[in-house]
Amino acid sequence: MASFLSLSPPSLLSTSAPCLSPAKTPFLHPVDRNPTRKYHQRVQISKFPCSFLDLEPKSKPEPLDFDVPWFHPADGRRFDVIVIGAGPAGLRLAEQVSGHGIKVCCLDPSPLSMWPNNYGVWIDEFESLGLEDCLDKTWPMTCVFINDRKIKYLDRAYGRVSRKELKLKLLSNCAANGVKFHKAKVGKVEHEEFESSIACDDGTELKASLIVDASGFRSSFVEYDKPRNPGYQIAHGILAEVDQHPYDLDKMVLMDWRDSHLGNEPYLRASNSRLPTFMYAMPFDSNLVFLEETSLVSRPLLSYTEIKQRMVARLRQLGIRVRTVIEDEKCLIPMGGPLPRIPQSMIAIGGNSGIVHPSTGYTVAQTMAVAPVVAEAIAECLGSTRMIRGSHLYRRAWNALWPVEKRWCREFYNFGMETLLKLDLNGTRSFFDAFFELNPHLWQGFLSARLSYGELIMLGISLFGRASNPSRLDMLTKCPAPLVQMVGNIALETI
Ligand SMILES: Cc1cc2nc3c(=O)[nH]c(=O)nc-3n(C[C@H](O)[C@H](O)[C@H](O)COP(=O)(O)OP(=O)(O)OC[C@H]3O[C@@H](n4cnc5c(N)ncnc54)[C@H](O)[C@@H]3O)c2cc1C
């Protein structure tokens, strides 16, 4: 944290001298719906730390107290399916495949650790999967601050995933279905025609008909046959106890694109105008809030240090004085780019499978939804008396994960990402201003990656129709190259 300040550009160091005392600081009161209201700013030197970055997170996550069935070598080293990773994707797939009576082993260096990330989902997504009991906080509405004068209220409920409840639910279903767990890191995977084997860092070697890689974004097991050129979502988030905050308690703040906090920061303001970041905020109560300064997508990657600098300036302007940082997170999500080679001898699920929404970075709900479909395809092969293995099994599993129309849709979401990459702050604001005016079926379906390809084309046309003239000009001048790329990739997928 100290190094952050030493790296600060002169503008930040010079302006950050006085902390605004929240008691005297201008900010939007939770019930104040009028962001145009003018406030008189009074500056006071606070006796509290100037930046939340100086605070160490208080929470030390405890492992879950749950008794899983552990792997014992004496029980045999061969399984039908081995799942690498006990994150949301690995456990969901292990749960679903084992539900078909298939013998599964799941490996992770720490299978009972709490997942580190804060996950947000749309409530309708989790309700449709019967997972609504795994949310620890819900908001009936969401809102988007387009700029200092305009807020959009969205009639769609949002929730924070209870990592503990979701993990316990998946673990207990896995345990009930007989999944074995092994605490180790997989180092090497080898494939033969009908069987694959893994070697772990503790010396354990196991074999299976199918290996599923659910080891997250950093996976080195999945292969690509096209050059990778992802965009990156990068964000700094804190769960914090604060004196007060300006956000309405019944609304989750999906995006706050205001930039008035950078008024005295010429360097940050100019850079934010080119490569904008927004605040994502989950207000739990008037003193507890999750705040995340987020770059929706950048390529090359926006500097993490700068994101934290922008967040310091934003919180100061909003009068949010952090008393305690309970948790912090660095979010770095590769988005878009080509899919892994399809098919290949191991199947992927979750962060490394291409399922990350290329325009939003959302992954969890889609992973929870697709795992049963993939599990069914695996069960049709391995669960049948015919024991379909090898290349037929791999192809069936990959096609269940990525049927052709879903690959086309993903090209459209990639197109969305490439477009967002080209927009500056004003372009981004105009884009979302028009986007959230679309028919809710379209914008909600886009964010949840559940539109058909035809609906996505309709969305594109409607968006163009609703966009402001400058935004249309942006689309006409900046979209042709990504559009041609999308059409070319779809043609290749279709051949
Ligand atoms: C900070 C952050 C916030 C996010 N917030 C959201 C959000 O709000 N909503 C949303 O939808 N998505 C979100 N995402 C994106 C995505 O949902 C998460 O990254 C999610 O954790 C991906 O799940 P996963 O199971 O694929 O991978 P991970 O959660 O990364 O789990 C991978 C597991 O594999 C294990 N592993 C790794 N290597 C090996 C190995 N060699 N052998 C054995 N085990 C191994 C790891 O220990 C880990 O337990 C977020 C991502 C980040 C980084």
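A residue counts as near a molecule or strand if its C-beta atom, placed from the backbone, lies within 6 Å of it; helices (H or I, at least four residues) and strands (E, at least two) are DSSP runs, numbered from the N terminus.

You're looking at a predicted model, where local features need pLDDT of at least 70, side-chain atom pairs count only at pLDDT 80 or more, and totals for chains, interfaces and linings use all residues. Residues are numbered from 1 along each chain as its sequence is written.

**Stop one: the ligand.** Select the ligand and the 30 residues around it; Gly85, Gly87, Gly216, Gly350 and Thr363 come nearest. Now color strand 16 (322-335), which gives the most to this shell, with four residues. Helix 3 (88-98), strand 2 (104-108) and helix 8 (364-382) are also there, each supplying at least two.

**Stop two: the domains.** Color domain 1 (2-60 + 231-333) and domain 2 (73-121 + 128-134 + 162-225 + 343-402) separately: both give residues to the shell around the ligand, so it lies between them. Those bounds come from an automatic or database domain assignment.

**Stop three: strand 13.** Pick residues 251-256. Six of the six are buried, so strand 13 is largely enclosed by the rest of the structure (buried means 20 or more other C-beta atoms, placed from the backbone, within 10 Å of a residue's own). Next, show strand 5 (residues 141-145), which runs parallel to strand 13 and is joined to it by five bridges. Here, Val144 stands opposite Met255. Strands pair if DSSP finds at least two bridges between them.

Definitions and conventions: A residue is buried if 20 or more other C-beta atoms lie within 10 Å of its own, exposed if 12 or fewer, and partly exposed in between; C-beta atoms are placed from the backbone.
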